[in-house]
Amino acid sequence: MRSIHRRGIMAGRAAAGTLAATRAWAWPDRAMRMIMPFAPGGNGDLTIRIAAAGLAERLGQPMVVDNRPGAGGSIGTAEIARARPDGHSLLGATAGPLVINPLVQANLSYHPLRDFAHVGLISRMPMVIILGNTVPARSLAELVALSKAQPGRISIATSGIGGANHLPLELFNAATGAGLMHVPYRGGGAAIPDIVAGTVSGALTELSGVLDLHRTGRARIIAVAAPERSAALPEVPTFIEAGFGGFTAEAFVGVSAPVGTPAPALARLQEALARLQEALVATLADAAIQARLLSLGGALATPAQQRPEGFIPYLETEIAKARRGVEIAGLKPE
């Protein structure tokens, strides 16, 4: 009888300990931090802020968006890679730090696949070719023909050497034989005044940054590098429709977290990530949030891409595509 009583006491204590541990591991139990590794105001920053507001509402804790720009996004991204993996420190995951930088920056302190738990993709932002009004080409085919007839005369701006829109330009030139001359700028927005003035012929850039330029008639977008037309720009054909089959180029925004932790903490993180994934999917199902994201000119991630089993293969594909661009451009890690 005493033995049974003793076992009952021990079982009770074990149950109480499990309950206490569960309460101690409740997530989220305080404000969360989402690092955006770029300055405020860009498409990625705006998208993350929209998503963060929805996640905070559903998870019942504030989510602070913390901008940590520098080194093409590597500084803020590296901070999350080494952050305490308790589910409270997250990354606004974008193409530059996770796809481009590992290929062009030497001695990077993180690996884009091994050092992160990639939670889910939020949205994809297609690249477009926009031309100034002095350029006579009205279609992608006319632009290619013009660049071949006048090699080195048609200049296309990007956000910089090795950037997310430089590599697609190299791939496009290689695939078509076009003679589009690359003009690197320090950021995509810096080229806009020169496009309007005619100093540079046009740009290959994210749709969100030049949508207003097109709508106001100061320049014109002639093609969208996406599998389907943009809901924000339904009158403009895709590269594929223009006869350049299979050519797509886009930026993306997702949510990632740090990994590489001891087993007990990793188990807690995985539980937290599972809840975060559910909240992320629910957030993106909200019609008002969808409308705000689409107003930026992007496309929502598919339901499959909103989870790791869709986000990770997508990321691997983007890295492979960027690697081909780096090889064509002859870039070496610096």
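Reply: In helix α8, which spans residues 207–215, the buried residues are L207, V210, L211, L213 and H214. This description rests on a predicted model. The elements that cover the buried residues of α8 include strand β4, helix α7 (192–197), strand β7 (202–206), strand β8 (219–224) and helix α10 (287–295). An α-helix has 3.6 residues a turn, so residues three or four places apart point the same way.

D212 is partly exposed because its relative accessibility is 46%. The side chain of D212 meets that of R218 in a salt bridge, with 3.1 Å from N to O. R218 counts as partly exposed as well, at 37% relative accessibility. Just after α8, G217 takes a positive phi of about 80°.

Leaving out residues up to four places away in sequence, F172 touches L140, V144, G177, A178, L180, F239, F244 and F247. The structure has seven aromatic pairs. In one of them, F172 and F239 are arranged edge-to-face, with 5.6 Å centre to centre and 85° between the planes. F172 belongs to helix α6 (residues 166–176) and F239 to the loop between β8 and β9 (250–258), so this pair ties together parts that are 67 residues apart in sequence. Both F172 and F239 are buried. F239 also forms a stacked pair with F247, at 4.9 Å centre to centre and 25° between the planes. F239 counts as buried because its relative accessibility is 1%, and F247 is likewise buried, at 11%. One aromatic cluster is formed by F172, F239, F244 and F247.

The structure holds 14 salt bridges. Another of them links D45 and R49, whose closest N and O atoms are 3.0 Å apart. D45 and R49 are four residues apart in helix α2 (residues 43–59), so about one helical turn separates them. D45 is buried, with a relative accessible area of 3%, whereas R49 is partly exposed at 35% relative accessibility. D29 and R30 form a further salt bridge, in which the closest N and O atoms are 3.1 Å apart. Salt bridges that share partners join D29, R30, R84 and D86 into one network.

As for the chain as a whole, its secondary structure comes to eleven helices and ten strands. Of its 334 residues, 51% count as buried. Among contacts with a separation of 6 or more, residues 24 or more positions apart account for 77%. The accessible surface of the chain comes to about 14,900 Å², and carbon and sulfur atoms make up 57% of this surface.

Notes. Residues numbered from 1 in each chain as written. Predicted model: local features only at pLDDT ≥ 70, side-chain atom pairs only at ≥ 80, totals over all residues. Heavy atoms only, no water. Helix = DSSP H or I, 4+ residues; strand = E, 2+ residues; numbered from the N terminus. Buried < 20%, exposed > 50% of the residue type's maximum accessible area, 1.4 Å probe, protein only. Contact = heavy atoms within 4.5 Å. Areas by Shrake-Rupley, 256 points an atom, 1.4 Å probe, with all protein chains shown as cover. Phe/Tyr/Trp six-rings, centres within 6.5 Å; stacked < 30°, edge-to-face > 60°. Salt bridge = Lys/Arg side-chain N within 4 Å of Asp/Glu carboxyl O.
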